[in-house]
Amino acid sequence: MEEPKRVKPYVKPEGERWGLLLVYTGDGKGKSTAAFGLALRAHGRGLNVRIFQFLKHQGARFGEHRALARLGIPIEGLGDGFTWKSRDLKASKALAQEGWERAKKAILSGEWDLVVLDEATYPLRYGWVSLEEFVDVLKHRPSHVHVVVTGRLAPGALLDVADTVTEMRKVKHAFDQGVPAQRGIEH
Ligand code: ATP
Ligand code: MG
């Protein structure tokens, strides 16, 4: 007997979709690039993907920015290229707080199926963004929205509400052998 032909593509009812919270943390390399890899996969499946990068300069043009722009995946920097050496911590803090407001709106709107919050653990660690509010927003987001958070030292309260947590552990890093950051690999 011939297999019956499907007349319509199967669309899962809204209630069946399960938005996951994924956290990539730890001191090894690969957290942000894993998040971009997931963004690529989700984009391939027709999900609406949006990426926010805490601390990164708004005008950053690293490899990921160039590639994601070609795919039409919005990626925005929410910082000023902050390092501990940067002069104006107040400005970095204000940018992170404004950035969080933008990210929060995007998550709660339900318009984006996957929202990546790259390096979001740092503003939480520095106390620039309230951990309590951050966790609260993630808990109360629309049920279909997937969120990825990356960054070292993810707070326990975030891990508690996450569905999938991966810790990248440094076994070796070329940087420790004196190899400088390589274009296309590190940025
Ligand atoms: P990637 O962006 O390559 O996925 P990551 O997100 O895991 O790395 P971060 O902690 O965000 O790494 O660090 C940002 C930069 O520091 C990246 O250029 C990364 O390659 C580099 N880096 C990551 N881990 C280490 C390490 N253990 N020692 C030195 N540099 C590192
Ligand atoms: Mg990173």
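The following legends describe an overview and several close-up views of a predicted model.

**Figure 1. Overall fold of the chain, with 6 helices and 6 strands.** The chain has 187 residues, and 40% of them are buried. Of the contacts between residues at least 6 apart in sequence, 76% join residues at least 24 apart. The accessible surface amounts to about 11600 Å², with 53% belonging to carbon and sulfur atoms.

**Figure 2. Close-up of the magnesium ion (ligand 2) and its protein donors.** The donors are Ser-32, through OG, and Glu-119, through OE, lying 2.1 Å from the ion. Ser-32 belongs to helix H1 (residues 31-44) and Glu-119 to the loop between strand S4 (114-118) and helix H4 (121-125), so the pair ties together parts that are 87 residues apart in sequence. Both Ser-32 and Glu-119 are buried.

**Figure 3. Close-up of the salt bridge between Lys-56 and Glu-119.** The N to O distance in this salt bridge is 3.7 Å. Lys-56 is located in strand S2 (residues 49-57) and Glu-119 in the loop between S4 and H4, so that distant parts of the chain, 63 residues apart, are linked. Lys-56 is partly exposed, its relative accessible area being 22%, whereas Glu-119 is buried at 13%. Glu-119 is also one of the protein donors of the magnesium ion.

**Figure 4. Close-up of the salt bridge between Glu-186 and Lys-29.** The closest N and O atoms of the two residues are 3.2 Å apart. Glu-186 is found in the segment after strand S6 (164-167), and Lys-29 in the loop between strand S1 (21-25) and H1; the pair links distant parts of the chain, 157 residues apart. Glu-186 is partly exposed, with a relative accessible area of 32%. Lys-29 is likewise partly exposed, with a value of 44%.

**Figure 5. Close-up of the salt bridge between Lys-104 and Glu-133.** The side chains meet with an N to O distance of 2.5 Å. Lys-104 counts as buried, at 16% relative accessibility, while Glu-133 is partly exposed, with a relative accessible area of 30%.

**Figure 6. Close-up of the salt-bridge network of Arg-50, Glu-76 and Arg-102.** These residues are linked in a network of salt bridges. The count of salt bridges in the model comes to 7.

How values were computed. Residues are numbered from 1 along each chain as its sequence is written. Chains are lettered from A and ligands numbered from 1 in the order in which they are written. This is a predicted model: local features need pLDDT of at least 70, side-chain atom pairs count only at pLDDT 80 or more; totals for chains, interfaces and linings use all residues. Side-chain values use heavy atoms; hydrogens and water are left out. Helices (H or I, at least four residues) and strands (E, at least two) are DSSP runs, numbered from the N terminus. Buried means under 20% relative accessible area, exposed over 50%, partly exposed in between (1.4 Å probe, protein chains only). Contact means heavy atoms within 4.5 Å. Accessible areas come from the Shrake-Rupley method with a 1.4 Å probe; for residues, only the protein chains shown count as cover. Donors are N, O and S atoms within 2.8 Å of the metal (3.2 Å for Na, K and Ca); water is not among the atoms, so sites may look incomplete. A salt bridge is a side-chain nitrogen of Lys or Arg within 4 Å of a carboxyl oxygen of Asp or Glu.
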